[in-house]
Amino acid sequence: MSEKQKYPDRKVLKKTIQTESLQENIHRHIMSTLGSDFYPPRKYLYYKGLAYSVRDRLIERWLKTQRSYYDKVSKRVYYLSMEFLPGRFLMNNIINMQMQDECRKTLSEFGFSLEDLEEEEWDAGLGNGGLGRLASCYMDSMATLNIASYGYGIRYDYGIFYQTIANGHQVEQCDNWLRYGNPWEIRRRAYLYEVKFYGRSEPYTDSGGNTRYRWVDTENVMAMACDILIPGFANNNVNNMRLWAAMSSREFNLEYFNKGDYIGAIQAKVMSENISKVLYPSDIIRQGKELRLKQQYFFVSATFQDIMRRFKKKGHPFKQLPDLVAVHLNDTHPAIGIPELMRLLLDDENLEWDEAWDICRNTFAYTNHTLLPEALETWSVDLFAKVLPRHLEIIYEINHRFLKEVAKHYPGNQKILEKLSIIQENPERRVRMAHLSIVGSHSVNGVSRLHTQILKNGLFKEFDDFFPGKFKNITNGITPRRWLLQANPKLADLITSVIGPDWTRNLNKLKDLTLYVDDPEFGSAWQKVKRQNKKLLSRYILRKIGLGVDPDTLFDVHVKRIHEYKRQLLNILHVITLYNRIKENPKAETLPRTFIFAGKAAPSYFQAKLIIKLIMSVAKTVNNDPDIDRRLMVIFLPNYCVSQAEKIVPAADLSEQISTAGMEASGTGNMKFALNGAQIVGTWDGANIEIMEAVGAENIFMFGLKNEELAMLQAKGYDPYAYYHTDPELKKALDMISLGYFLPSTPELFAPIRKNLLDKGDPYFVLADYRSFLLIQEEVNRVYRNTKQWTRRSILNTANMGKFSSDRAVLEYAKKVWNVQPIIKE
């Protein structure tokens with residue numbers, strides 16, 4: 001059959017796009033898709049018209065990409081993640097498709113700039129923090145590297161929340177990111193899958209006399225596929241994220257409706273569709289926990305039905321599933337996929353256990369992202385039995401067979417059985433999802449060298465001993481297309497002007513910048529770009545919160561999720577100490593600094609929300625004190641998100657990466673800032689160590705106790721009061737916090753902060769690292785005053801970031817974990 005006969009629609013689409021100018025395309029979509037008049041020009045309509053026009057071109061390339069995957073019978077990677085954090089799509093898609101010049105020329109005819117229309121787009125509310133942003137970077141790299149892949153997740157109606165600040169307190173508002181629709185989304189109503197919950201597992205005897213099981217008396221929800229297309233950079237390759245939206249299996253109960261019970265008639269529909277309403281519903285109450293579990297199973301069940309549909313198209317035997325399918329678990333949220341695949345193979349396809357388990361284990365791989373206990377998911381057995389009864393049976397059987405193997409290796413060792421068991425017995429019976437992920441996967445990886453060492457030597461040591469070679473390290477990476485080419489176009493242009501454009505696809509090419517590190521003209525141009533970016537951020541801050549900041553001050557940036565282990569408290573203690581020094585000696589020479597904080601606290605995380613209030617209270621005091629005279633400014637930018645990060649990162653002089661050693665798995669913010677020439681103040685944690693090795697110890701500001709030193713300090717008996725009583729500056733800062741200096745109207749409000757740092761043992765070692773932090777900040781002051789030295793170090797940070805590309809990380813996964821090769825384009 002000819003190309004024309006096989007794909008007539010594709011030819012029609014191609015002809016339309018090629019013969020219709022971008023201007024005509026935009027006008028057509030404003031009229032036909034949006035039902036509006038394109039005159040007078042309105043920014044939002046032209047944003048939508050441009051977005052649909054870009055999507056037309058994406059679809060054409062996506063169809064060709066999918067066909068090439070089918071033609072080559074290639075192994076496909078399915079990347080399962082509860083979160084994606086793509087930010088805005090418009091500029092990223094235009095850059096990756098090399099449409100900048102065409103778009104700028106066309107928009108100028110309408111009186112708009114590309115940047116004008118970019119600001120009309122809301123950030124997609126599909127993720128929260130580093131986990132989702134990493135997934136989005138990997139999607140970009142997989143498309144750029146021509147790896148046959150799909151991202152799978154949930155199409156949330158609302159993001160985690162929209163953060164505002166009222167009277168210094170975080171206020172969570174609804175993140176209605178879909179209020180005006182999403183032009184990038186393709187809703188696939190033909191791809192509806194039934195997802196089951198509750199009910200019971202019923203045994204029966206098949207025709208061969210074997211005991212089988214079926215899941216009956218269930219409540220069902222429909223999952224509808226919503227695709228968002230992800231273009232590779234300058235290669236015409238387009239992959240897609242497939243996100244699932246929950247739909248009721250029926251619109252409403254007509255019987256209730258006819259009886260006048262209108263609320264009852266639609267209640268089931270509303271409850272069903274709650275599943276994809278909100279990212280991470282609160283799990284304080286049982287209903288919230290149940291909804292979270294249902295969310296996880298909902299997207300996993302729909303995903304595996306989709307994977308099986310695709311796999312079965314060519315009639316391959318199931319033993320070939322691991323040869324054609326690689327399923328990657330981005331943390332433990334999708335781990336329910338392991339018993340789900342087993343259920344499909346056992347109950348639907350009637351395979352025997354050993355064959356099904358061999359297929360399952362060789363299909364899955366798992367990335368661990370945390371060492372924090374609260375992030376190592378467990379589920380109550382009672383809740384699991386209620387929501388997913390058949391899956392709990394399968395998990396019990398997996399655990400039973402696994403523990404039999406463990407018992408053979410460690411006869412009579414009950415402790416190791418308890419430690420490795422997928423089921424935690426005390427104080428409550430719970431399913432350990434990390435254990436399930438390790439047992440059910442052929443590969444487990446950490447995301448920085450230190451993180452992996454801690455996994456292998458500490459948290460999961462017994463698993464590493466039992467499964468030699470299963471644990472490996474793949475350090476995280478970021479996409480340079482988003483985080484330099486797009487976020488910092490002035491710096492990208494400067495870099496390209498001296499080393500050429502190849503760095504966009506091979507970040508190791510940045511090493512060529514070392515040839516210019518002592519070039520005065522290049523150094524001057526580097527400084528100019530930084531100052532221009534600082535001026536842009538200053539304007540944004542003025543527009544966002546009404547405060548003017550001086551771009552000639554040192555921009556000291558600490559932006560990330562608010563959490564005690566990320567130690568925003570340590571940073572604000574430094575601010576208070578500097579404030580006190582100026583108050584004591586107003587005429588002393590002080591390096592002017594603007595401290596920029598941003599980040600969200602989980603709605604139920606009291607201590608983190610109190611830290612935001614403290615930052616805001618310190619900011620109010622510092623910013624309005626005439627003795628300070630703007631030598632210190634403290635800024636908190638609300639609603640931190642990807643598009644905001646794209647404004648902050650290029651403008652930062654200094655990046656605070658000061659988490660407690662051994663607690664940050666990797667971090668990718670450190671990579672983004674260093675790539676853009678900011679210098680890091682960092683602890684011996686996560687990827688900070690590998691960045692130090694790459695850029696040189698002389699080009700980074702490392703401080704604090706190392707992981708093993710903290711363990712020794714804890715073992716000897718860490719006493720935070722010893723630091724409090726022997727360090728007058730620390731004591732004064734803490735006393736000011738706890739006695740109400742920064743909030744005279746409610747002096748007791750910050751007492752819990754003091755209590756946690758002193759009476760509850762300072763679990764994140766803030767006081768232990770305080771003096772070391774102050775000393776390294778004095779070194780920062782010294783270097784920053786030497787403009788030539790600071791600029792040199794800044795250039796060397798950018799030049800040595802080649803290792804930290806998500807392209808490198810994805811190629812490592814492809815080789816070490818997924819066993820896939822990039823598709824070679826003809």
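**Reading burial, cores and voids**

Modeller: Start with Glu273, which sits in helix α10 (residues 262-273). Helices are DSSP runs of H or I with at least four residues, strands are E runs of at least two, and both are numbered from the N terminus. This is a predicted model: local features need pLDDT of at least 70, side-chain atom pairs count only at pLDDT 80 or more, and totals for chains, interfaces and linings use all residues. Residues are numbered from 1 along each chain as its sequence is written, and side-chain values use heavy atoms, with hydrogens and water left out.

Colleague: Is Glu273 buried or exposed?

Modeller: Buried means under 20% relative accessible area, exposed over 50%, and partly exposed in between, using a 1.4 Å probe and protein chains only. Glu273 has a relative accessible area of 17%, so it is buried.

Colleague: Which residues does Glu273 touch?

Modeller: Contact means heavy atoms within 4.5 Å. Not counting residues up to four places away in sequence, Glu273 touches Ala246, Met247 and Ser248.

Colleague: How do I read a nonpolar core?

Modeller: In soluble globular proteins, nonpolar side chains tend to be buried together. A nonpolar core is a set of buried Ala, Val, Leu, Ile, Met, Phe, Trp, Tyr and Cys residues joined through side-chain atoms within 4.5 Å. The largest one here has 189 residues; Leu50, Phe197, Phe298, Phe384 and Trp818 touch the most other members. Its largest share, 10 residues, comes from α11. Apart from it lies another core of 62 residues, among them Ile576 and Phe750.

Colleague: What is Phe197 in contact with?

Modeller: Beyond its neighbours within four places in sequence, its contacts include Trp215, Ile275, Tyr297 and Phe298.

Colleague: What separates a cavity from a pocket?

Modeller: Both are sets of points on a 1 Å grid over the protein atoms alone. In a cavity a 1.4 Å probe fits but cannot get out; a pocket is an open set with protein on both sides within 12 Å along at least five of seven lines. Lining residues have an atom within 4 Å of a point. Points are joined across faces, edges and corners, and a volume is the space filled by probe spheres set on them.

Colleague: How many cavities are there of 30 Å³ or more?

Modeller: The count is 8. Helix α11 gives the most, 3 residues.

Colleague: Which element gives the largest share of the lining of the second largest pocket?

Modeller: That is α23, with 6 residues. This pocket holds about 910 Å³ of space.
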